[in-house]
Amino acid sequence: MALQPFFQQKFHVPEIQFHVYSVRPVDYDGYDIKPLQDLLIRAAIIPDDKWNVLLGRTIPHKVQTVDEEKTEIVIEAYE
């Protein structure tokens, strides 16, 4: 059985959470997640980034040092 792209399986549209760990609060005007969304499309995790497809949120987390800064992508799909 061949694997199907994630979005062609029998799941609803996945919720994508961008967890941003940073020393300073996330500046949503200056924080661009578009390249990450494009990566998820190229990886066939989501079919498109149109309004009727994209469901997600950005969650900031405070860390103490710059070395701890990172962005994690969490993808949850529901049947």
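**View A. The largest nonpolar core.** Five residues make up the largest nonpolar core in this predicted model: Ile16, Phe18, Ile33, Leu40 and Ile46.

**View B. Around isoleucine 16.** Let's zoom in on one member of that core, isoleucine 16. Which residues does isoleucine 16 touch once its neighbours within four places in sequence are left aside? Two of the contacts, Leu40 and Ile46, also belong to the core. Then there is the run Leu54, Leu55, Gly56 and Arg57, and finally Ile73, Val74 and Ile75.

View C. Strand β1 covers residues 15-22, and glutamate 15 is part of it. Is this residue buried or exposed? Glutamate 15 counts as buried, because its relative accessibility is 14% and the cut-off for buried is under 20%.

**View D. The three-stranded sheet.** Here the strands line up as β2-β1-β3 in an open sheet with mixed pairing. β2 (56-62) and β3 (70-76) sit at the edges, each pairing on one side only. On average, and ignoring direction, neighbouring strands in this sheet are turned by 20° against each other.

**View E. Where β1 meets β2.** How many bridges hold the pairing of β1 and β2? There are seven, and the two strands run in the parallel sense.

Note on methods: Residues are numbered from 1 along each chain as its sequence is written. This is a predicted model: local features need pLDDT of at least 70, side-chain atom pairs count only at pLDDT 80 or more; totals for chains, interfaces and linings use all residues. Side-chain values use heavy atoms; hydrogens and water are left out. Helices (H or I, at least four residues) and strands (E, at least two) are DSSP runs, numbered from the N terminus. Buried means under 20% relative accessible area, exposed over 50%, partly exposed in between (1.4 Å probe, protein chains only). Two strands pair if DSSP finds at least two bridges between them. Axes are lines fitted to C-alpha atoms, for helices over the stretch in contact, and angles run from 0 to 180 degrees between N-to-C directions. A nonpolar core is a set of buried Ala, Val, Leu, Ile, Met, Phe, Trp, Tyr and Cys residues joined through side-chain atoms within 4.5 Å. Contact means heavy atoms within 4.5 Å.
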